[in-house]
Amino acid sequence: MKALTGIKVIDFSKWLPGQYCGMVLGDFGADVIKVETPTGDDTRRFFPEALPGMSYWHLALNRNKRGITADIKTEGGRKLLLRLLSEADVFLEGFRPGYLARYGLDYATVREINPQLVYCSITGFGQTGSYRHKPAHDLNVIGLAGLNSLDDVGSACVSEVQIAALGSSMNAVSGILLALLARERTGEGQAVDINLYNTSLSLQTTGISSLWGCKATGCQPFGRTAHYYNIYRTQDGRYLSVGTIEPKFWRRLCEILDCEELIERQHDFEHGNELQERLAAVFQTKTQAEWLALIGEEEFCVTPVCSLEEALNSELTQQSEMLAQKQEDIGTLQYVKPAIRLSDMPGSIERRAPLLGEHTAEVLTELGYTEPEIMKLKETGAI
């Protein structure tokens with residue numbers, strides 16, 4: 001028994017936000033049925049591929065799911081999906097607003113056949129507004145939302161972590177669970193509307209509040225970074241993360257850097273650039289290893305900036321027990337385990353990601369389709 005045992009999720013998403021959300025629900029016991037077109041999701045063919053049609057992205061994001069194919073542009077495919085939704089608890093989709101309505105699969109229509117369904121939509125810009133039909137990926141959205149503005153860093157970096165997409169995934173998980181909890185009280189499902197742009201704004205709650213506060217009080221905004229909360233380059237081209245927010249940590253940093261005269265200037269934001277330049281020059285006088293040796297075992301918020309390879313091989317990651325390896329029928333697969341830890345009903349990885357349409361016959365049989373009916377769907381291109 002797991003936390004979501006007995007919950008059936010129809011995952012009709014094609015990209016990272018929905019796939020990650022479905023993965024989390026599957027990790028905690030939901031029966032997640034991944035629905036793809038007969039040609040498969042584009043993420044199946046992302047580089048690198050473990051084998052044809054099974055990229056490492058697909059293997060990571062679609063574990064603990066069963067996979068079927070259905071072409072909603074055909075009558076048989078539409079009827080199949082509606083039949084699935086009539087028995088489901090959750091529908092997860094990531095299409096632009098209006099697309100599913102063309103095929104009678106919008107919330108208002110589906111609600112008529114299953115009023116208990118939680119219908120979760122993840123879009124770029126929401127269901128309304130002038131941007132609702134615009135295409136966009138994570139990088140576009142966070143740029144529009146000011147999340148990666150270059151006000152005080154001066155150079156650009158494309159992160160491997162899709163902040164808005166993954167933030168939307170977790171918002172979708174939360175929204176779905178809230179709606180399921182509400183259903184326990186009301187007996188009714190509801191629509192859950194998640195979008196990447198709103199997520200990007202919500203992730204900046206503290207920054208936005210600080211900006212408003214400075215405007216209200218007339219103080220000078222100090223940008224995204226401060227001299228005491230920044231990343232500094234060392235002599236050997238490595239970096240240190242300096243998070244000395246607390247006065248005791250700032251004081252200790254100044255002592256280690258032989259800059260005691262700066263101790264009383266922690267909140268001197270008027271000369272923030274000057275202070276950053278001063279600290280940057282000092283950090284350039286020693287290697288990363290030399291600075292870390294000076295810090296030693298002190299409880300102190302100065303840490304190395306690690307490469308991903310270094311992080312995976314670190315003692316910290318080993319202690320986290322976040323990595324797993326399983327022998328599957330297609331070979332040995334490595335996984336990042338669920339980050340949410342429940343004491344009594346923990347998440348786990350029970351099955352690999354599905355081959356394209358691997359469970360179509362199995363799921364259709366559960367729905368009551370006969371073998372001749374399944375063959376007819378294949379012949380008409382519905383599956």
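**Helix α1**

I started with α1, which is mostly covered: 11 of its 12 residues are buried (buried is under 20% relative accessible area, exposed over 50%, partly exposed in between, with a 1.4 Å probe and protein chains only). The model is predicted, so I kept in mind that local features need pLDDT of at least 70 and side-chain atom pairs pLDDT 80 or more, while totals for chains, interfaces and linings use all residues. Residues are numbered from 1 along each chain as its sequence is written, and side-chain values use heavy atoms, with hydrogens and water left out.

I noted that α1 covers residues 16-27 and reaches 16 Å from its first C-alpha to its last, close to the 16 Å expected (1.5 Å times one less than the number of residues). Helices here are DSSP runs of H or I with at least four residues, strands are runs of E with at least two, and both are numbered from the N terminus. Among the buried residues of α1 I listed L16, P17, C21, M23 and D27. Just after α1, I found G29 with a positive phi of about 105°.

**Cysteines**

How many disulfides does the count come to? I got zero, taking a disulfide as a pair of cysteine sulfur atoms within 2.5 Å. C120 is in none, and the nearest cysteine sulfur, that of C21, is 5.6 Å away. C120 counts as buried because its relative accessibility is 0%. C254 is in no disulfide either; its nearest cysteine sulfur belongs to C259, 6.5 Å away. I also put C254 down as buried, since its relative accessible area is 1%.

**Aromatic rings**

Next I counted ring pairs and got 14. The rule takes rings of Phe, Tyr and Trp (its six-membered ring) with centres within 6.5 Å; planes under 30 degrees apart are stacked, over 60 edge-to-face, and the rest tilted. I looked up Y107 and Y119, which pair edge-to-face at 5.5 Å centre to centre with 65° between the planes. This pair links distant parts of the chain: Y107 is in helix α4 (residues 107-113) and Y119 in strand β7 (residues 118-123), 12 residues apart. Is Y119 buried or exposed? It is buried, because its relative accessible area is 3%, whereas Y107 is partly exposed at 23%.

F283 and W291 are also edge-to-face, 5.3 Å centre to centre and 65° between the planes. Both F283 and W291 are buried. I then traced a cluster in which ring pairs link F12, F91, F95, Y99, Y103, Y107 and Y119.

**Charges over rings**

Here I wanted NZ of Lys or CZ of Arg within 6 Å of a ring centre and within 35 degrees of the ring normal. The charged end of K134 sits over the ring of Y131, 5.2 Å from its centre. K286 lies over the face of W291, at 5.7 Å from the ring centre.

**Two loop residues**

I found Q204 in the loop between α7 (196-202) and α8 (205-217). Q204 counts as buried because its relative accessibility is 10%. A polar atom of its side chain lies 3.1 Å from the backbone oxygen of S200.

T128 is in the loop between β7 and α5 (138-144). I marked T128 as exposed because its relative accessible area is 62%. The C-alpha atoms of T128 and P97 are separated by 8.2 Å, with the two residues 31 apart along the chain.

Terms used
A polar contact is a pair of N or O atoms within 3.5 Å; within protein, one must be able to donate a hydrogen and the other to accept it, and residues adjacent in sequence count only if both atoms are side-chain atoms.
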